[in-house]
Amino acid sequence: NCAKYSHNKELLAANLLGYKKGAFTGADEDSKGIIERGDGGYVFLDEIHRLSPEGQELLFYFMDKGEFRRIGENDKSRYSDVRFIFATTENPDNVLLKTFLRRIPITIKIPSLSERRNNEKFKLIHHFFRQEAIFTGCNIKVSKHALRILIDSNFTGNVGQLKNEIKLACARAYNKS
């Protein structure tokens, strides 16, 4: 989650690139970063829009070269073959550097909950109620009226808020029973 690095490029660098023992206070041993640990695989970075321009530059430098140095290492270049998957709730053109955007070859827009068809919303609702039924070990009955409210509601928190609302409704019902 890039939100925790929004105003701390040093923490971002330490977590992405890793660090050498003694590079800073608390660096008691060498540590591999996410990029090195992800070698040969994928790295998912959520809320990419929260990265500072410096954080974006750090990423696109690595994306260009496939090369990095752990914090505190000046003499040794490391290489990693990582594919990134970035997620954002914002319009990438408005929040990301143009130089960073040029390095992202494919952009997929996933529709918000309000943009989805009713049958897709119903499937999500059914899935979340089923998860709660399994978790609680109870049979859960949902009225048509409650289902219609869930389908027609505009959740600003998108699918995550829908899931949380269903959990809350189930918890309240469980508490009453």
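Glu47 is partly exposed, with a relative accessible area of 23%, where partly exposed denotes the range between buried (under 20% relative accessible area) and exposed (over 50%), as computed with a 1.4 Å probe on protein chains only. The side chain of Glu47 meets that of Arg50 in a salt bridge with an N to O distance of 3.4 Å, a salt bridge being a side-chain nitrogen of Lys or Arg within 4 Å of a carboxyl oxygen of Asp or Glu. Arg50 is likewise partly exposed, its relative accessible area being 36%.

The model is a predicted one, in which local features need pLDDT of at least 70 and side-chain atom pairs count only at pLDDT 80 or more, whereas totals for chains, interfaces and linings use all residues. Residues are numbered from 1 along each chain as its sequence is written, and side-chain values use heavy atoms, with hydrogens and water left out.

Across the whole structure, the search returns eight salt bridges. One of these joins Glu73 to Arg78, with the closest N and O atoms 2.8 Å apart; Glu73 counts as buried at 8% relative accessibility, and Arg78 is also buried, with a relative accessible area of 15%.
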